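Here is a short tour of one protein chain, written for someone who likes to check geometry against coordinates. Please keep the viewer open while you read.

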Amino acid sequence: MAQDRVEAVERALTVLEAFDSPQEHFTLAELAQATGYYKSTLLRLLGSLTRFDYVQRDEQGRWHLGHAPVRLARRHLPGRHLATRIQPLLVRLAADSGETAALLEVEDVMVEDGMVECRLVTLPDTALRHDLRPGDRWAAAAADDPRPLLPGGVMVCQPLPGDAIEPPMWLALSGPAGRLDPQQAHRLLADAVATLAAGPTREAGP
């Protein structure tokens, strides 16, 4: 019904709909063409969307989606299903290695200032450890390297399999450099990824 409509909200949503496209970055002129809005109207809408991190503007003046849509998408049920499968693997990894086991998510891998976020973590039962917490964030060194700077420590990572995982996710083991064996960590992570790729096991019937 007409009285249920908020024109400013619908305009902002129309702008966001323009990003539902294979094209990831848009100039102001391209957004004006896609939405039919004047550039002055677009700038006001984009300003509000930027403040809530729904869109971002790069150094070339082009616009792309921000972190807020990704954050909201994580609440979707498939993400929770993934978590229920991975958390037991992290518990086993931490127990087998004695180190911190984590699920990392790489955001904005196509831009220079891409970020990594810790989604899930299991800490080992030791005082000397990498105290990583869900929600911790750091800049990605590269699209294929989610490791943070760890003075005196080391992190070993393994990407999760499958093209359907978006954004990219990694399993990681991290701990003191003198204690964490990278070769052992690689083996444990490879086994965990193989278990995940095999899918959930079914219990035998009577």
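In which helix is the place of T35? T35 sits in helix α2. Its surroundings make a handy way into this model, which is a predicted one.

Is T35 buried or exposed? T35 counts as buried, because its relative accessibility is 14% and the cut-off for buried is under 20%. Leaving aside residues up to four places away in sequence, T35 touches T14, V15, A18 and L42.

R11 and T35 are 24 residues apart in sequence, and their C-alpha atoms are 8.7 Å apart in space.

## The chain as a whole

Stepping back, the chain contains 6 helices and 7 strands. Following the sequence, these elements come in the order α-α-α-β-β-α-α-β-β-β-β-β-α. Of the 206 residues in the chain, 38% are buried. The accessible surface amounts to about 12,600 Å², and carbon and sulfur atoms hold 54% of that.

## Confidence

The mean pLDDT of the chain is 85, and 85% of the residues reach 70 or more.

## Where α2 meets α3

Two packed helices are described by the angle between their axes and the distance between the axes. Helix α2 covers residues 28–35 and helix α3 covers residues 39–51; they pack at an angle of about 100°, with 10 Å between their axes. That angle makes α2 roughly perpendicular to α3, since the range for that label runs from 65 to 115 degrees.

Which residues of α2 and α3 meet? From α2 come L28, A29, L31, A32 and T35, while α3 supplies K39, L42, L43 and L46. By type, the residues of this contact of α2 with α3 divide into 7 nonpolar, 1 polar and 1 charged.

A29 is found in helix α2 and counts as partly exposed, with a relative accessibility of 40%. The C-alpha atoms of A29 and L42 are separated by 9.7 Å, and the two residues are 13 apart along the chain.

Y38 lies in the loop between α2 and α3. Y38 is exposed, because its relative accessible area is 69% and exposed means over 50%. Y38 and L28 are 10 residues apart in sequence, with a C-alpha to C-alpha distance of 9.7 Å.

## Where α1 meets α3

Helix α1, residues 7–17, also packs with α3: the angle is about 85° and the axes are 10 Å apart. The two helices are therefore roughly perpendicular to each other. On the α1 side the contact is made by A8, R11, A12, V15 and L16, and on the α3 side by T41, L42, L45, L46 and L49. The residues of the contact of α1 with α3 divide into 8 nonpolar, 1 polar and 1 charged.

L42 links several of these descriptions: L42 takes part in the contact of α2 with α3, in the contact of α1 with α3, and in the list of residues that T35 touches.

## A backbone angle to check

Most residues other than glycine have a negative phi. D53 has a phi near 65°, a positive value in a residue other than glycine. Where is D53? D53 lies in the loop between α3 and β1, the strand at 55–57. With a relative accessible area of 22%, D53 is partly exposed.

## V121 in strand β4

The last stop is a strand residue. V121 has its place in strand β4, residues 115–122, and at 16% relative accessibility V121 counts as buried. Apart from residues up to four places away in sequence, V121 touches Q87, L90, T100, A101, A102, L132, R133 and P134. For one of these, L132, the C-alpha atom is separated from that of V121 by 7.1 Å, with the two residues 11 apart along the chain.

Notes: Residues numbered from 1 in each chain as written. Predicted model: local features only at pLDDT ≥ 70, side-chain atom pairs only at ≥ 80, totals over all residues. Heavy atoms only, no water. Axes fitted to C-alpha atoms, helices over the stretch in contact; angles between N-to-C directions. Helix = DSSP H or I, 4+ residues; strand = E, 2+ residues; numbered from the N terminus. Parallel < 35°, antiparallel > 145°, perpendicular 65-115°, else oblique. Contact = heavy atoms within 4.5 Å. Nonpolar A, V, L, I, M, F, W, Y, C, P; charged D, E, K, R; others polar. Buried < 20%, exposed > 50% of the residue type's maximum accessible area, 1.4 Å probe, protein only. Areas by Shrake-Rupley, 256 points an atom, 1.4 Å probe, with all protein chains shown as cover. pLDDT = per-residue confidence, 0-100.
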